[in-house]
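Subject: Structure handover

Hello,

Here is the structure for your files.

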Amino acid sequence: MADLNQIRDKVKAYFDISQFLLPQADAEASIREGVSFRGINILILIVAIFIASLGLNTNSTAVIIGAMLISPLMGPIIGIGLAVGIHDFELMKRSFRNLMMATLFSVATSCVYFMISPVTEGHSELLARTSPTIYDVFIGFFGGAAGILAIGSKMKGNVIPGVAIATALMPPLCTVGYGLATWQLNYFFGALYLFFINSVFIACATTLGVRLMNYAHKDFSNPQRARKVRNTVYTIAILTMIPAAYLTYTMYVQNTFRTNCSRFVDAECNFPATQVLNYKAEIGKDGHTLTVTLMGRVLPQDSLTVALADKMPLYHLAGTSLKIIQGDSYNPQIDLTQTTSSMLRDMYAVTQNTISRQQVTIDSLRNAYATTMRNDSVSASVAPELKIVFPQVADIAITRCISCDVSSGALDTMNVALVQYKHHMTRSEEEKFREYLESRLRTSPITIVPVTKREIK
């Protein structure tokens, strides 16, 4: 038993912070000074907002971190936590007022910046501020805890700059201004909620830190009021945590589903002459959907879908709708910009150009073939008429050929009628015969060449 007490005393000594703490008056003075937002503090805040907005606009993490280090936003939030912890309601009202003013200045500044900025596209740094989760609750809480411990201790080190970076108060406010300037309410409300989470849990951590450091209370005259304020703060903290917990659960479900889909595609979609071009895992109102796009040799669609669907429960994908897209089930509405490889998109573009050129060649050959077939059958089409109009004609063959000028080498197209006569035609009869052929076949000129029976064959 004595050994256990010694161990407990030694562990307790490791966590004894009393000798490292500043006097309460000194720590309070530092916090109260940071609460004020007048003069130079407002100007520094506006400059920091511009820097953070530029960082978000250019998707520069380094610039955003610099703005966090400059920003004085932590002051009023720490002040609220201190005020709740020591029951200083005047400090609480002043801190709330200054935090509201700082928030309005920040949002207005970022809104003005993004209204005049030529770049309005949302980058990853902006998007990261619109979907808070329970992890942001923990970041705000532990960041606030580190902040109050650093402010109340003699050895601050690099804790305060680290807290400013970790809790990231500036980027959400800039994203709120961006959502307001571009009228994208999902950005506006998502980022505002993230800022609210950070502020509430930094303040809660500060309150608990003040209690841990045994700071003396300022107001003992009205314990019911103190209890009411404390309960209100805790209620706000719990209500703030609930949406974040729900969003975290949703994120967990989505990540688990995408991970299971990735495992399924990697393990089951391996075919000798066919490979996976890309796949998309979606969670919609109508259920879960996995769309797999294949390239290469086309596989039997129905049997492939049935075979893969039977294996989906092994990867916790029961009830997921499986869609397979191949060469024979190509959907022109597929957005190839969603493919993960630019090389695949280039290959697709080259293939499409090749197909277009080949289609032009095929159409040209079809036209030539149709012309040849028409020439081959034209003699038979006029034969019944010739029996009546020109009974002198025994056989006729009509064709189109290419002639070459021997002296110049120039090529020309000729329409030739090879004719065997039963009886000789006069010059005038032959002229009428040629005019008849040109009118009947809608081809001019036609050269008539008399031949024997053997020459025609």
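How many aromatic pairs does the count come to? Rings of Phe, Tyr and Trp (its six-membered ring) pair if their centres lie within 6.5 Å; planes under 30 degrees apart count as stacked, over 60 as edge-to-face and the rest as tilted. By this rule there are 7 aromatic pairs.

The model is predicted, so local features need pLDDT of at least 70 and side-chain atom pairs count only at pLDDT 80 or more, while totals for chains, interfaces and linings use all residues. Residues are numbered from 1 along each chain as its sequence is written, and side-chain values use heavy atoms, leaving out hydrogens and water.

Aromatic pairs

For accessibility, buried means under 20% relative accessible area, exposed over 50% and partly exposed in between (1.4 Å probe, protein chains only). Phe141 is partly exposed at 26%, and Phe142 is exposed at 55%.

Tyr178 and Tyr187 are also edge-to-face, with ring centres 5.2 Å apart and planes at 65 degrees. Both of these tyrosines are buried.

Helix packing

Helices (H or I, at least four residues) are DSSP runs numbered from the N terminus. Axes are lines fitted to C-alpha atoms over the stretch in contact, with angles from 0 to 180 degrees between N-to-C directions.

Helix 3 (residues 40-58) and helix 4 (residues 61-70) have axes that come within 8 Å and cross at roughly 165 degrees. Helix 3 is therefore roughly antiparallel to helix 4 (over 145 degrees; oblique is any angle left over once under 35 is roughly parallel and 65 to 115 roughly perpendicular). Contact means heavy atoms within 4.5 Å. Among the residues that meet are Ile44 and Leu56 in helix 3 and Val63 and Ile70 in helix 4. By class, this contact has 9 nonpolar, 1 polar and no charged residues (Ala, Val, Leu, Ile, Met, Phe, Trp, Tyr, Cys and Pro are nonpolar, Asp, Glu, Lys and Arg charged, and the others, Gly among them, polar).

Helix 8 (residues 134-152) and helix 11 (residues 185-212) have axes that come within 7 Å and cross at roughly 40 degrees, so the two are oblique to each other. Their contact includes Asp136 and Phe141 of helix 8, and Asn198 and Phe201 of helix 11. The contact residues divide into 11 nonpolar, 5 polar and 1 charged.

Regards
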